[in-house]
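I opened my notebook with the model on the screen and wrote down what I looked up, entry by entry.

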Amino acid sequence: MEAPWHLFIMASMYIIAGIMHFIRPKVYLRIMPRYLPWPKLLVGLSGLAEILLGLGLCFTFSKEYCLYGILTMLVVFLWVHFYMLSSQKASAGIPKWILMLRIPLQFVLMYWAYGYLV
C-alpha cells in the first residue's frame with residue numbers, strides 16, 4: 001500500500017526540525033533543561049533523532065519503528081515544554097500563552113503519529 005501524502009508532510013516536518021538543531025543550536029540550548037548533562041550533545045542527538053525518524057517514515061520497512069520512535073520522542077520532549085513553563089528564564093522569552101499551547105499541540109502530534117499505527 002502506498003503511503004498517504006500527509007505522512008510525507010510529517011516526515012518533512014521532523015527532518016526540517018532536526019536540521020534546525022544544527023543550523024540554530026543556540027535556540028535549542030536555551031530551552032534545554034539545566035538539570036540535564038551535556039546540553040550540546042543532547043541538542044545534537046535530538047536533532048539527529050528527528051532527522052533519522054523523519055527519513056524512516058518514508059520507507060515501508062522502517063515506518064512502524066519510526067512512528068514508535070516519534071511517539072517516544074514526543075513524550076520525552078514534554079519534559080522540555082513543562083520545564084519552559086517553570087520560570088521566566090526557562091521560557092527563553094517566549095510568552096506563557098504560547099508555551100501553554102505547545103502542550104496540547106504535543107498531544108495532537110502524538111495522535112497524528114499514532115493514527116498511522118492503527
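In which helix does Lys96 lie? I found Lys96 in helix H5, where a helix is a DSSP run of H or I with at least four residues, numbered from the N terminus. I worked with a predicted model, in which local features need pLDDT of at least 70 and side-chain atom pairs count only at pLDDT 80 or more, while totals for chains, interfaces and linings use all residues. Residues are numbered from 1 along each chain as its sequence is written, and side-chain values use heavy atoms, with hydrogens and water left out.

Is Lys96 buried or exposed? I noted that Lys96 is exposed, because its relative accessible area is 52% (exposed means over 50%, buried under 20%, partly exposed in between, with a 1.4 Å probe and protein chains only). From Lys96 to Trp112 I read 25 Å in space, C-alpha to C-alpha, for 16 residues in sequence.

Next I turned to Gln106, which also lies in helix H5. Gln106 is buried, since its relative accessible area is 5%. Its side chain reaches the backbone oxygen of Leu74 at 3.0 Å. Leaving aside neighbours within four places in sequence, I listed Leu74, Phe77, Leu78 and His81 as being in contact with Gln106 (contact means heavy atoms within 4.5 Å).

My last entry concerns the lining of the largest pocket, to which H4 gives the largest share, eight residues. I counted 24 nonpolar, four polar and two charged residues in that lining.

Technical notes: Helix = DSSP H or I, 4+ residues; strand = E, 2+ residues; numbered from the N terminus. Nonpolar A, V, L, I, M, F, W, Y, C, P; charged D, E, K, R; others polar. Polar contact = N/O pair within 3.5 Å; in protein donor to acceptor, adjacent residues only side chain to side chain.
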